Amino acid sequence: MDNYQRINIKDAPKGFKLLLILLPAVGYFLLSPELDNDFFFLYKTGEYIVNSGFPFKDFLSMHTNMDIVVQQWLTDVIFYELYSRLSLFGIGIFIFVCYTVYAFFTYKLCRLICDNWFFAALCALLSDIFIAVVYMATRPHALSLTLFVIELFALESFIKTKKKGYLVIIPFVSLLLINVHAAMWPLMFVFAGPYALQALPFKFKKIRQTPVCSFPWLAGTGIISLALGFVNPYGVKAMAYVFTSFGYKEINILINEMKPTSLDSSFGALFFAQLIILVAVIAATRFKSFSLRHVLLFGGTVLLALMNIKSIGLFFALGVPAYSYYFNGADFSIRLDSTPSDPKKRKLRAALCVIAGALCAVMLFIAATYREPTRESLEEYKSLDKAVDYLEKEEGEITLFTGFDYGQYLEYKGFHPYIDGRAEIFLKDNNHEYDYLKEYVLVTRGYTNYREFTDKYGFNYLIVRENEPALYSGLLYDDDYEQLYKGKDFILFRLKG
């Protein structure tokens with residue numbers, strides 16, 4: 001038997017506790033006020049709403065007869081007001097506040113779920129750092145993920161304290177979520193499902209479940225939250241937005257984050273690395289706490305993350321705090337002197353050190369590499385600016401083609417291109433006019449003749465990339481078009497005559 005002194009982590013010095021609790025502050029240094037690609041149509045939409053009211057027909061692209069639903073209208077207005085008044089400083093304030101609120105409630109949530117402050121703080125730190133680097137950006141996800149964490153905080157607080165006042169928070173979450181990010185609104189009921197399930201009495205053979213809280217109170221809160229979902233400018237259309245905006249082949253082709261998570265992408269590889277580490281911790285330790293709602297939350301968010309890359313944020317925001325329950329009641333102590341003589345104990349300690357080191361390495365890799373695509377995007381905008389300079393000098397009416405992922409920047413500059421990054425808007429199921437997104441996919445991949453396409457709309461200017469060969473090569477050798485400008489990333493063609 002090894003003779004060494006131990007200190008229980010629960011009895012660690014206050015300074016050590018404070019240091020670990022404050023470690024999420026590192027996330028502030030990882031935040032960036034850089035403008036996300038979607039920011040440009042969000043900003044222009046916010047500007048329109050402030051000055052002209054809620055739009056029901058498209059006003060950004062050239063397709064002015066399309067029906068639209070601005071599912072994140074409140075986020076748009078916030079971005080417009082902050083950026084128009086304070087420029088990037090205003091965006092920085094938005095990201096700073098979102099992360100502060102997120103980190104605060106994530107720690108509170110983990111402490112409610114796990115009674116061991118050490119493991120609760122570690123899980124909160126893992127969630128905070130990942131969300132800070134990847135999702136605290138000029139997109140509505142910064143708000144919706146924060147609201148989901150607040151929702152779970154209210155539910156856990158209700159279960160722990162039995163105080164019904166915490167349930168009042170949830171209808172307000174519903175009201176905010178339907179207006180800042182309606183596409184995510186139905187998920188608040190999905191995430192509340194495990195809590196409702198565990199509020200019901202259950203008996204199957206020797207398995208018995210005692211309700212953890214009052215089901216009628218949860219059901220009543222859910223009904224009120226559902227009713228408040230109607231309080232938005234677009235009514236049921238906003239509430240059901242997710243059902244007509246995802247799962248389309250064209251969207252999955254164009255948007256990488258909507259593709260299933262796999263090892264083919266660096267982001268997918270990072271997710272699997274994190275998941276393996278978390279499972280390895282369970283395999284290497286003896287803590288065996290179990291809770292149905294937390295197992296369902298963890299497993300459900302893993303499943304969502306596997307379905308598409310975009311949902312990885314839900315895993316880190318909700319699944320990781322739920323995972324902390326595994327350490328509930330854990331008695332963890334630290335040795336203060338020599339290495340144990342038992343080889344099994346040495347191997348276990350070495351395994352835990354490797355796991356901890358791998359976890360830190362993955363987090364640092366995320367922080368070091370994730371911003372690079374954003375920087376590349378900003379460089380592309382500089383190239384686009386030169387094309388814009390040519391367009392602004394041109395006289396007469398401009399009928400402009402741009403690609404899916406950069407049309408919004410031309411809209412921000414005051415033009416009305418063929419398409420932009422609002423993929424779901426260009427689906428016929430949503431706009432009730434025409435399936436422009438499918439048409440775009442067909443022409444850019446060479447399934448539709450480019451001249452039939454350009455003649456149909458009468459484009460006299462087209463901005464294309466070299467990696468869009470069906471359009472680029474056709475226009476390059478077309479005697480009716482001339483190359484007006486060629487930059488590093490974009491080529492501007494003009495119809496002759």
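Colleague: Which residues does asparagine 179 touch, not counting residues up to four places away in sequence?
Modeller: This is a predicted model, to be clear. In it, asparagine 179 contacts Gln71, Gln72, Trp73, Leu74 and Thr75, along with Val231, Asn232 and Pro233. Residues up to four places away in sequence are left out of that list.
Colleague: Where is asparagine 179 found?
Modeller: In helix 7, which covers residues 169-180.
Colleague: Is asparagine 179 buried or exposed?
Modeller: Buried. Its relative accessible area is 7%, and the cut-off for buried is under 20%.
Colleague: Switching to helix packing. At what angle do helix 12 and helix 14 pack?
Modeller: About 10 degrees, with the axes 12 Å apart. Helix 12 spans residues 266-284 and helix 14 spans residues 312-323. Angles under 35 degrees count as roughly parallel, so helix 12 is roughly parallel to helix 14.
Colleague: Which residues make the contact?
Modeller: From helix 12, Phe267, Phe271, Gln274, Leu275, Leu278, Val281 and Ile282. From helix 14, Ile312, Phe315, Phe316, Val320 and Tyr323.
Colleague: How many of those are nonpolar, polar and charged?
Modeller: Eleven nonpolar, one polar, no charged.
Colleague: Now the whole chain. How many helices and strands are there?
Modeller: The protein chain has 21 helices and eight strands. Of its 497 residues, 52% are buried.
Colleague: And what does the accessible surface come to?
Modeller: About 23,200 Å², with 62% of it belonging to carbon and sulfur atoms.
Colleague: What share of contacts with a separation of 6 or more comes from residues 24 or more positions apart?
Modeller: 72% in the protein chain.

Note on methods
Residues are numbered from 1 along each chain as its sequence is written. This is a predicted model: local features need pLDDT of at least 70, side-chain atom pairs count only at pLDDT 80 or more; totals for chains, interfaces and linings use all residues. Side-chain values use heavy atoms; hydrogens and water are left out. Helices (H or I, at least four residues) and strands (E, at least two) are DSSP runs, numbered from the N terminus. Buried means under 20% relative accessible area, exposed over 50%, partly exposed in between (1.4 Å probe, protein chains only). Contact means heavy atoms within 4.5 Å. Accessible areas come from the Shrake-Rupley method with a 1.4 Å probe; for residues, only the protein chains shown count as cover. Axes are lines fitted to C-alpha atoms, for helices over the stretch in contact, and angles run from 0 to 180 degrees between N-to-C directions. Angles under 35 degrees count as roughly parallel, over 145 as roughly antiparallel, 65 to 115 as roughly perpendicular and the rest as oblique. Ala, Val, Leu, Ile, Met, Phe, Trp, Tyr, Cys and Pro count as nonpolar, Asp, Glu, Lys and Arg as charged, and the others, Gly among them, as polar.
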